[in-house]
Every structure is written in C-alpha cells, then in structure tokens.
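These are my notebook entries on one structure. I looked up the surroundings of the ligand, and then the packing of helices.

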Amino acid sequence: MTKKFDLSSQPAASALQTLIPSKVVLPGDERYDAARRVWNRAADHHPAMITYCETTQDVQAALYAARDRGLPISVRGAGYDGEGRSVRDKGLVVDVSRMNQVEVSGGIATVAGGATAGAVISAAAASDHLAVTGWMGVIGMAGLTLSGGYGPLIASHGLALDSLVGAELILADGEHVIADPQENPDLLWALRGGGGNFGVVTAMKFRLHPNRAVLAGMILFPWSDAARVLRDYAEIAASAGDDLTVLAGMFCLPDGSKTLFLAPAWTGDAALGESLMASLQSLGTPFHVHIDTVSYQDLIRSFDHRVVDGRGYAVKNRWLPEMTQGAISAIIEASDSLSSPFTTIILHHFRGAATRVPDADTAFGLRREHFLVEIIAAWDPAAGDNGSRHRSWARNLSTALAPFALPGGYPSLLGLDDIEQIGQAYGASLQRLQAVKRRFDHRGLFSAAHLPT
Ligand SMILES: Cc1cc2nc3c(=O)[nH]c(=O)nc-3n(C[C@H](O)[C@H](O)[C@H](O)COP(=O)(O)OP(=O)(O)OC[C@H]3O[C@@H](n4cnc5c(N)ncnc54)[C@H](O)[C@@H]3O)c2cc1C
C-alpha cells in the first residue's frame with residue numbers, strides 16, 4: 001500500500017510553515033544552537049534547517065521543503081549517532097523525536113519513529129513483556145535497530161533488529177511505504193541493519209518476548225587483573241548458555257585510576273545464576289561487587305546514568321573473532337597511555353541466538369561469534385581542548401587492534417575516516433543494500449547515513 005502526499009502545487013516555504021507552524025528552526029533563530037546540538041559536542045554541524053516533526057504529514061512537508069531547496073536530508077531520533085550524522089551540515093534535519101508513541105497489543109509493540117529504547121522497554125513491561133534493546137534506554141529505537149542493537153538479551157534473543165517485523169517509511173518524494181514480509185520485503189531486509197538510508201521511518205513493529213527478571217550488576221577489578229579477566233570471562237559466558245550476556249571494559253574511577261569491569265546480565269535459573277556470578281568474580285580480586293535481581297527496565301536505567309551528554313567524543317570500533325593475547329595486550333597498552341580520564345573501552349560479546357540467524361535474513365553483516373570493541377575517546381571541550389590528541393589515541397588503538405580483527409566493524413559507531421571498514425562491514429550484503437538504496441532513494445538524498453553508495 002502506498003499513499004502520495006501531493007504538495008507539488010504549493011509554494012514550498014509556505015507549505016512548510018502551514019503544515020509545521022513553529023516547528024521549523026533556521027540559522028539566526030535563538031533556538032538554533034540548542035536545536036543543532038547532539039550527544040557528541042565535537043559534532044559541530046550547522047544545518048540549513050531543522051524541522052521538528054510530530055506527524056507523518058510534518059515529515060512529508062519537511063521532505064518537500066528539502067526537495068524544493070535542494071537540501072540533503074538527515075534524520076534525527078535521539079541524537080546518539082557516534083559522529084552526529086543525524087544533524088547534517090548544510091542539510092535539512094528531519095527531527096522525529098516528538099513522534100514517540102509506543103503501543104503494545106498481542107505481543108507486538110508498534111513504535112513511532114522517534115521513540116527511545118527506554119519508552120519501548122516501559123511499554124513492553126506494562127504488558128509483562130521484554131523488548132530487545134541495547135544497553136541504554138536513551139538511544140533512539142529506530143536508530144538502534146537500523147544499525148544493529150547489541151544488548152543484554154543478545155545471546156537469548158539476538159540483536160534488536162532480529163525482533164523487527166515491519167516498518168512504515170516516508171520516502172524522499174513524500175511517498176508512504178510499508179516494509180514487511182508481504183510488502184517490500186527487500187526494504188524490510190535492508191532496514192534490519194542497513195542503516196538509516198532509505199527514508200524516514202515513522203513506525204516500526206517489534207515482536208516482544210516473555211518478561212523475565214534479570215540477575216545483573218557490576219563487578220569492578222583492579223587494573224592489574226585486566227589481562228586475566230579479559231582472557232577468561234568469555235569462557236564462563238560460553239559455558240553458561242544463552243541466558244548470560246556479559247559486557248566488559250575499562251573506565252576510570254573518580255580518582256583517575258583505571259578499572260576493568262564486568263557487567264553480567266542473566267535471565268535463567270536463579271541458583272545457577274548465583275554460581276555464574278561467583279565464577280566471574282573469581283577471575284580476579286574484585287574491589288566492588290554489586291549483583292542483584294532487577295527488572296530489565298531497572299537494568300537499562302542503571303546504564304543510562306552513565307551516559308554523559310555534551311563531551312567531545314571520537315568513537316571507533318573493531319570486530320574481534322576471539323580475545324587473543326595480542327588483542328588483550330593492545331587494549332591494555334592503550335589503556336596505560338590514556339589521553340583522558342573520560343575515555344572508555346567497551347566489549348560486547350555477540351553470541352548465542354544472534355549467531356544462529358542466517359546471514360541472508362538481514363542486512364547486518366556479521367553473524368559469527370565475535371567481540372565488538374568500542375573505543376570511546378572523550379574529552380571536555382569546555383576546557384578549550386580541540387580533541388586532536390584524543391582522536392589520535394582512538395585511531396592508534398583501532399590500528400593496533402586491526403591485525404587481530406575481522407574486516408568491518410559496527411557501522412553506526414564508525415566515522416568518515418573509517419569508510420573502508422564501513423564497506424567491509426556489510427560483506428556480501430553490500431551490493432544488495434546498494435540496489436535497495438537505488439530503488440527507494442534513487443536521488444541519494446538520505447546521504448548523511450553511513451551506507452557507502
Ligand atoms: C552513548 C551511546 C550508547 C550506545 N549504546 C549502544 C548499545 O548498547 N548497543 C548498540 O547496538 N548500539 C549502541 N549505540 C549506538 C547507537 O545504537 C547508534 O548510534 C544509533 O544509530 C543511535 O540512534 P539515535 O536515534 O539515538 O541517534 P540519531 O543520531 O538520532 O540517529 C542515528 C542515525 O539513525 C538513523 N535514524 C534514526 N532514526 C531514524 C528514523 N526514524 N528514520 C530513519 N533513520 C533514522 C539516521 O540515519 C541517523 O543518522 C550507542 C551509542 C551511544 C552514543
């Protein structure tokens with residue numbers, strides 16, 4: 001089913017003002033600087049126009065204005081793209097964050113294009129369900145799903161995109177299209193990991209899962225334990241089956257010292273869970289352990305508290321097939337020469353159900369077991385820091401990990417410098433994705449997203 005919204009008879013600017021009164025922010029407007037800001041303050045982009053869309057008609061009007069003015073388009077959900085690509089320099093920003101309704105019926109969540117993962121989790125919990133998300137609720141559900149969605153349920157239920165069963169989009173020319181197994185199945189395939197490249201997603205449908213409590217928390221080890229813990233933690237996860245996911249990594253404590261953390265999340269039998277938590281602790285001599293049975297909602301909230309908006313960030317990543325001695329040494333050496341105490345390294349373990357989805361079912365490029373190493377250099381731009389030494393630090397660690405890594409990486413956390421890695425990330429899916437792109441965005445107007453054309 002497609003539906004045209006014909007604005008061709010109306011003068012563009014007035015059509016936009018009529019349809020979206022007071023929802024348009026232009027340079028010079030007192031709201032402009034706040035409106036162009038995203039999580040990453042190093043993304044200092046100056047769009048030509050920002051439109052706050054509340055309905056699909058607003059989206060259509062915004063797209064019409066972009067066409068009329070010859071502006072490239074970017075779509076902003078919650079603004080947590082690593083590079084701030086959702087605020088397109090000199091382009092038109094379709095901000096969908098006010099389109100945030102979530103409805104649950106019959107085990108399916110219908111999620112508006114700007115709803116956060118946290119809103120989806122809350123709505124699912126209210127009907128005694130779990131939604132598959134990333135580790136943070138502040139992230140946009142559409143942005144997360146379009147790129148992947150590594151989260152605490154990855155081993156039991158796969159990536160967030162593996163629960164996507166349908167979507168609605170507005171294409172660059174205002175056309176409304178459905179993507180589901182019956183209508184435009186290729187577009188549904190492409191949305192499952194192919195990036196935000198085809199149109200504005202105004203709604204998505206997700207399969208929900210039975211609710212479960214989670215045994216979860218944080219184990220902090222002294223940095224001297226890092227090599228051993230990184231070498232052995234994955235074996236405990238592998239022996240535990242699909243109910244355990246363990247996030248690992250490095251951050252600095254308030255006194256500046258580094259810690260190696262494990263953040264386990266277990267959804268299985270309580271007694272077995274306790275023994276797995278004890279095994280993880282026995283990998284070293286932790287100085288802080290907080291493990292508790294919590295709701296999935298509370299687990300995700302505890303990670304939201306760790307997100308800091310407004311710093312400068314340089315984000316890179318690598319996909320490691322296994323935790324080899326060489327990769328562990330590269331992570332430890334880089335951590336020993338940190339350029340900033342705000343910098344973190346996070347390791348996601350992709351395993352279990354996520355590896356059992358056939359390669360060709362979704363556009364996501366890597367279905368074998370792997371570790372996603374997120375390198376997140378962070379600094380305080382208010383202190384007059386231009387970020388160059390932190391960018392170098394992140395680039396150096398990415399280069400040091402390259403000999404141990406698989407080709408590619410997680411596209412939404414790669415940038416312009418990593419264009420080769422982004423192409424490799426899609427592997428055998430790249431040509432099919434580019435064909436879908438030519439069909440649904442043949443003029444390439446959604447060019448701010450990460451898919452190489
Ligand atoms: C602090 C932080 C934590 C993160 N944690 C995780 C995690 O645990 N697991 C994980 O897998 N990833 C994680 N990510 C990566 C994150 O999932 C992606 O960066 C995601 O694209 C962000 O979506 P957003 O809506 O918040 O960001 P935005 O910057 O608003 O959007 C990012 C891109 O998504 C596309 N997009 C968003 N909404 C739409 C829409 N409605 N229609 C069409 N295109 C759209 C656009 O191409 C846009 O450029 C994290 C990122 C950050 C910065």
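I looked up tyrosine 410 and found an N or O atom of its side chain 2.7 Å from an oxygen atom of the ligand. I count such a pair as a polar contact, that is, two N or O atoms within 3.5 Å; within protein, one must be able to donate a hydrogen and the other to accept it, and residues adjacent in sequence count only if both atoms are side-chain atoms. The backbone also takes part: an N or O atom of the alanine 78 backbone lies 3.0 Å from an oxygen atom of the ligand. For glycine 149, I noted a polar backbone atom 3.4 Å from a ligand oxygen atom.

The model is predicted, and local features need pLDDT of at least 70, side-chain atom pairs count only at pLDDT 80 or more, and totals for chains, interfaces and linings use all residues. Residues are numbered from 1 along each chain as its sequence is written, and side-chain values use heavy atoms, with hydrogens and water left out.

I found 31 residues around the ligand, of which Gly77, Gly79, Ser86, Tyr150 and Tyr410 come nearest; a residue is near if one of its heavy atoms lies within 4 Å. The shell divides into 17 nonpolar, 12 polar and 2 charged residues. Here Ala, Val, Leu, Ile, Met, Phe, Trp, Tyr, Cys and Pro count as nonpolar, Asp, Glu, Lys and Arg as charged, and the others, Gly among them, as polar. Helix H5 (141-147) gives two or more residues to the shell, as do strands E3 (73-76) and E10 (200-207). H5 gives the most, with 5 residues. Helices (H or I, at least four residues) and strands (E, at least two) are DSSP runs, numbered from the N terminus.

I looked up helix H4 (residues 117-126) and helix H10 (residues 296-304), which pack at an angle of about 165° with their axes 10 Å apart. Axes are lines fitted to C-alpha atoms, for helices over the stretch in contact, and angles run from 0 to 180 degrees between N-to-C directions. H4 and H10 are therefore roughly antiparallel; angles under 35 degrees count as roughly parallel, over 145 as roughly antiparallel, 65 to 115 as roughly perpendicular and the rest as oblique.
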